[in-house]
Amino acid sequence: MPGIEFTLALAGLIFCIGALGVLLRRDPLVMFICIEMMFNAANLAFVALSEHLKSVQGQVMVFLVIAVAAAEVAVGLAIIIAIFRTEKDVNVDHLSELKG
Amino acid sequence: MNSLLVVLFLPLATAILNRLLGARLGKRLSAGLAIASVLTAFGFAVASFLGLAALPPGQRHLVMPLWSLLSVGSFSADFSLLLDPLSAVMILVVTGVGALIHVYSAAYMEEEDDAEYARFFTYLNFFIFSMLTLVLAANFMVIFTGWELVGVSSYLLIGFYRSKTSAADAGKKAFIVNRVGDLGFLMGIFVILSQFGTLDFTQVLSHADKLGQGSALATLTALLLFMGAMGKSAQFPLHVWLPDAMEGPTPVSALIHAATMVTAGVFMVARCHAIFELSPVAMRTVAWVGAFTALFAASIALVQNDIKRVMAYSTLSQLGYMVMAVGVGAYTAGFFHLFTHAFFKALLFLGCGSVMHALHGELDMTKMGGLRKKLPITFWTFLIGAACLSGVPFTSGFFSKDAILYEALDGPHGSLGLWLMGALTAAMTAFYVGRLVFKTFFGKTRLDHHTFDHAHESAAPMAAPLLILAVLAIGAGFLGMPRFMSKAQPFEEWLAPVFADVKAPEAGPLAAMAAPAATAAEVAPATAEAGKPEQGEDVGLSLRLMAFYTLVVAFMAWLTYKWFATESGTPNALALAAAPIHQLLWNKWYVDELYDLVFVRGLLGFSKLLLRVVDQGLIDGVVNGCGWAAQGAGHFVRVRLHNGYARFYAGALLAGVVLLLGLVLTFSL
């Protein structure tokens with residue numbers, strides 16, 4: 001069983017990979033996967049800390065996050081499909097009509 | 001005492017009535033109303049005067065509180081009236097001469113339409129009310145109220161022909177120049193308030209010693225008060241408004257510049273003499289300012305061609321005499337000159353108006369001549385006024401001017417220098433008066449045939465005041481003849497209670513200064529006796545002085561007759577020979593130009609500087625800068641931050657979270 005430090009460091013790493021993915025990729029689908037990665041990095045941290053602190057609250061929070069992520073993906077994918085239908089293009093950098 | 005209320009408020013009531021209804025009343029009624037009110041006021045003024053005279057001299061000091069003007073803490077000021085010999089004489093002159101001028105104006109202003117006519121009489125009545133407030137005041141607050149009311153009403157009257165730019169400007173000039181003096185007066189009043197805690201004349205003036213004999217505070221107070229007097233009485237360097245004020249209708253000039261407004265300064269100094277007496281420096285300043293103004297204005301009057309303008313400078317010069325008189329402590333003499341001057345100068349101004357009326361507004365004496373036969377009443381009355389002004393023996397001007405000059409030489413604060421300036425002024429006065437009379441009324445006419453043939457004597461309402469004033473101008477002098485000519489001294493005895501507190505004259509520094517000077521000057525050998533008490537009037541000196549003035553006047557009359565009654569080339573040749581001096585006098589010593597350069601242009605330049613640098617640069621800069629800053633910031637946020645790239649937003653979000661987290665962790669908030 002790895003120690004709490006290792007688990008938290010791993011969670012941080014996954015979170016950073018996810019964040020960089022969101023920042024650097026232009027494909028909305030990939031960006032969604034990266035966002036999922038960030039959610040799950042948080043979930044990992046929650047679980048690890050729940051085990052470490054002998055508290056059940058962290059595990060409850062994980063369920064909440066999974067539920068929110070599922071809802072978010074459902075809405076997000078619907079938006080992407082809607083945009084793709086009108087724009088024939090899903091490059092996020094090209095979707096800037098709402099700029100000031 | 002209650003008659004004073006009528007004297008004061010009746011003119012105000014008719015002024016208001018005329019203002020409200022005037023245009024509908026018609027000329028007859030609105031003039032009748034105005035004249036009746038001032039005549040009634042005069043009647044009640046006579047009643048007040050007689051009532052005062054019935055009291056023993058020591059008790060001739062009646063105070064009548066009407067209502068409270070102001071009450072703050074321990075300080076309170078009432079609107080209260082003071083009737084004493086000084087104000088009694090003033091209300092008689094103001095309402096008496098005022099009534100005559102009202103009658104004259106009724107005919108003089110005939111050509112105006114109904115509304116303008118009523119407006120004129122509104123202003124005239126309002127002016128009378130203002131002046132009466134000033135002279136009847138029993139404390140500094142009321143006198144200042146009257147002082148300002150006179151300023152306003154003079155502004156209205158001088159600028160009466162409001163469609164004329166020059167008249168409007170002259171009104172403004174009178175008002176603004178007067179404000180300069182008013183500032184001094186007001187500060188003087190503040191000093192008095194701070195020292196005495198009250199503004200009541202009786203309390204302040206009877207304890208004036210509190211300021212300290214010869215102290216700097218007394219000098220300051222006196223000089224500040226005198227600054228106010230300089231504005232109203234048009235003393236150099238605040239004299240510039242008076243000549244310009246001739247833009248008003250001629251009766252206004254007669255009212256303002258002869259009988260009333262300009263005498264306010266002299267009146268005020270006489271009223272506050274207890275303060276002035278404390279400061280020899282202030283007294284000397286007053287005397288020298290007066291003497292200088294007298295000489296300065298007389299020199300300008302020598303060369304002017306506009307008859308009203310000559311009269312204006314003559315008024316300045318005569319006011320200079322009065323101020324000089326109060327400055328040498330000869331209050332009675334100064335006040336006597338104020339009294340006689342009110343009659344003969346009103347007469348002369350009205351005479352000018354009559355000439356102007358006959359000649360359709362012509363004022364240039366070089367274009368007149370030979371009017372003697374055409375305007376007999378105007379001529380004879382004008383001649384009487386001129387005789388008084390130039391000091392022909394046994395006219396009122398002779399007696400009053402002689403009294404002043406005697407005091408200037410031999411009085412407690414007199415000196416040879418003052419006398420010389422006064423005597424020189426007297427000679428100049430005789431010269432310009434002679435020039436005016438001979439050029440206007442004598443010789444061959446220089447008018448065109450049409451105007452000359454149509455020149456006719458004015459109607460009765462204009463002629464009657466001239467005749468009455470002529471009688472008064474002659475008669476007034478006999479109230480104050482020198483002691484050795486008359487046992488009775490009605491004028492001096494009447495005013496004696498007011499000036500009773502003036503200390504017995506001692507040999508002042510000026511008298512001491514004059515003594516050695518006299519050895520060098522042969523003109524006045526008796527000056528060495530200057531230090532002796534004035535009660536024993538020096539008959540020999542007085543007679544010699546009188547003979548001297550008579551000679552001067554006779555010589556000037558002869559000279560001006562020779563030069564100006566006939567077509568003599570001498571004056572022109574003289575003017576050409578002394579062209580620079582002539583130009584200097586013709587342009588009134590360039591005082592107006594100097595003021596224009598220093599004050600008007602200086603102020604304009606300063607304003608422009610403020611406009612360009614402070615207002616447009618600094619203030620607008622800040623305002624516009626705020627706008628620019630907001631706009632720039634908005635542009636930055638809109639274009640740079642709100643750029644539409646989702647990934648940029650995500651990065652910013654992340655950076656923000658990291659930053660906040662870093663802060664929280666670093667400072668363990």
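The largest cavity in this structure has a volume of about 80 Å³. The model is a predicted one, and the structure holds 3 cavities of 30 Å³ or more. It also holds 13 salt bridges over all chains. The points below treat the cavities, the salt bridges, the backbone and the surface in turn.

**The largest cavity**

- The lining of the largest cavity is made by S390(B), G391(B), F398(B), K401(B), D402(B), L405(B), A426(B), A427(B), Y549(B), V552(B) and V553(B).
- Three helices of chain B, namely α17 (396–410), α18 (416–441) and α23 (539–565), each supply at least two residues of this lining.
- Among the contributors, α17(B) gives the most, with 4 residues.
- Sorted by class, the lining of the largest cavity has 7 nonpolar, 2 polar and 2 charged residues.
- A427(B), one of the lining residues, can also be placed relative to D113(B): the two C-alpha atoms are separated by 44 Å, and the residues are 314 apart along the chain.
- D113(B) itself is found in the loop between α3 (85–108) and α4 (114–136) of chain B.
- With a relative accessibility of 46%, D113(B) counts as partly exposed, because that class covers values between the limit for buried, under 20%, and the limit for exposed, over 50%.

**The second largest cavity**

- About 40 Å³ of space lies in the second largest cavity.
- Its lining consists of H239(B), V240(B), P243(B), Y313(B), K588(B), V591(B) and D592(B).
- By class, these residues are 4 nonpolar, 1 polar and 2 charged.

**Salt bridges**

- R271(B) forms a salt bridge with D84(B), and the closest N and O atoms of this pair are 2.6 Å apart.
- This pair links distant parts of the chain, 187 residues apart: R271(B) is in helix α11 (residues 263–271) of chain B, and D84(B) is in the loop between β2 (75–83) and α3 of chain B.
- Both R271(B) and D84(B) are buried.
- K172(B) forms a salt bridge with D169(B), with the closest N and O atoms 3.6 Å apart.
- K172(B) and D169(B) are separated by about one helical turn, because they are 3 residues apart in helix α6 (residues 165–196) of chain B.
- D596(B) forms a salt bridge with R601(B), the closest N and O atoms being 3.0 Å apart.
- D596(B) has a relative accessible area of 29% and is therefore partly exposed.
- A network of salt bridges links R26(A), D93(A) and R647(B).

**Backbone features**

- The peptide bond from F236(B) to P237(B) is cis, with omega near 5°.
- P237(B) is found in the loop between α8 (216–232) and α9 (241–244) of chain B.
- A234(B) is also placed in the loop between α8 and α9 of chain B, and its phi is near 55°, a positive value in a residue other than glycine.
- A234(B) has a relative accessible area of 0%, so it is buried.
- In chain A, phi of K54(A) is near 55°, again a positive value in a residue other than glycine.
- K54(A) lies in the loop between α2 (28–53) and α3 (57–87) of chain A.
- K54(A) is exposed, because its relative accessible area is 70%.

- L603(B), F606(B), L609(B), L610(B), V613(B), V614(B), L618(B), I619(B) and V623(B) make a nonpolar surface patch of about 830 Å².
- I619(B), one of the residues of this patch, has its place in helix α26 (residues 591–641) of chain B.
- With a relative accessible area of 44%, I619(B) is partly exposed; the residue can therefore belong to a patch, for which over 30% relative accessible area is required.

Technical notes. Residues numbered from 1 in each chain as written. Chains lettered and ligands numbered in written order. Predicted model: local features only at pLDDT ≥ 70, side-chain atom pairs only at ≥ 80, totals over all residues. Heavy atoms only, no water. Patch = residues over 30% accessible without salt bridge, like charges linked within 9 Å, V, L, I, M, F, W, Y side chains within 5 Å. Areas by Shrake-Rupley, 256 points an atom, 1.4 Å probe, with all protein chains shown as cover. Salt bridge = Lys/Arg side-chain N within 4 Å of Asp/Glu carboxyl O. Buried < 20%, exposed > 50% of the residue type's maximum accessible area, 1.4 Å probe, protein only. 1 Å grid on protein atoms, 1.4 Å probe; cavity = no way out; pocket = protein on both sides within 12 Å on 5 of 7 lines; lining within 4 Å. Points joined across faces, edges and corners; volume = space filled by probe spheres on them. Nonpolar A, V, L, I, M, F, W, Y, C, P; charged D, E, K, R; others polar.
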